[in-house]
Amino acid sequence: MYGQGKKRNPRNTALIMDWIHICIGLLVVILAVFAFLNPEDNRFLFPIIFLLAAVLNVINGIYRFRLSGREKKKKLAAVMQLILAAVLVAVMVVSAITIWR
């Protein structure tokens, strides 16, 4: 019928979000351990860690924004998370410039 397009089940979306959190979180922890065990040789990992954190915040921000509906407080929280992601991207760029220069 018309108007009955495919809709994602919220449980499937939440499960996907959980898997994204687990994978990116595990990557960040592993890279952070390597980066802090030998910072001189593994200093190139710091921008990657910041990038992964920014990606995680962007995904969370978009997910929260879509779920917020008409609630302004939830939309504001989602926008703040996207702003935090932008700050992390800026930190990543500064870190990459100082390390690779």
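Tutor: Start with one term: contact means heavy atoms within 4.5 Å. This is a predicted model, where local features need pLDDT of at least 70, side-chain atom pairs count only at pLDDT 80 or more, and totals for chains, interfaces and linings use all residues. Residues are numbered from 1 along each chain as its sequence is written, and side-chain values use heavy atoms, with hydrogens and water left out.

Our part is helix α2, residues 45–68. (Helices are DSSP runs of H or I, at least four residues, numbered from the N terminus.) Check its length first. (The expected span is 1.5 Å times one less than the number of residues.)

Now look at what α2 hides. Its buried residues are Leu-45, Phe-46, Pro-47, Ile-49, Leu-52, Ala-54, Leu-56, Asn-57, Asn-60, Gly-61 and Ser-68. (Buried is under 20% relative accessible area, exposed over 50%, partly exposed in between, with a 1.4 Å probe and protein chains only.) The cover over these buried residues of α2 includes α1 and α3.

Helix α1 covers residues 10–37. Its 28 residues should span 40 Å, and its end C-alpha atoms lie 40 Å apart, which agrees. Met-17, Ile-24, Leu-31 and Ala-35 are buried in α1. The cover over the buried residues of α1 includes α2. The axes of α1 and α2 are 9 Å apart, and the packing angle is about 165°. (Axes are lines fitted to C-alpha atoms, for helices over the stretch in contact; angles run from 0 to 180 degrees between N-to-C directions.) That angle is why α1 and α2 count as roughly antiparallel. (Under 35 degrees is roughly parallel, over 145 roughly antiparallel, 65 to 115 roughly perpendicular, and the rest oblique.) The contact of α1 with α2 has 20 nonpolar, three polar and no charged residues. (Ala, Val, Leu, Ile, Met, Phe, Trp, Tyr, Cys and Pro count as nonpolar, Asp, Glu, Lys and Arg as charged, and the others, Gly among them, as polar.)

Turn to helix α3, residues 72–100. The axes of α2 and α3 come within 8 Å and cross at roughly 165°. α2 and α3 are therefore roughly antiparallel as well. Their contact has 22 nonpolar, six polar and three charged residues.

Zoom in on Gln-81, which sits in α3. Gln-81 has a relative accessible area of 13%, so it is buried. Setting aside neighbours within four places in sequence, Gln-81 touches Asn-57, Asn-60, Gly-61 and Arg-64. Asn-57, Asn-60 and Gly-61 are among the buried residues of α2.

Finish with residues toward the end of α2. Ser-68 belongs to α2. At 3% relative accessibility, Ser-68 is buried. Neighbours within four places aside, Ser-68 is in contact with Lys-74 and Lys-75. Just after α2 comes Gly-69, with a positive phi of about 65°.

Note on methods:
Helices (H or I, at least four residues) and strands (E, at least two) are DSSP runs, numbered from the N terminus.
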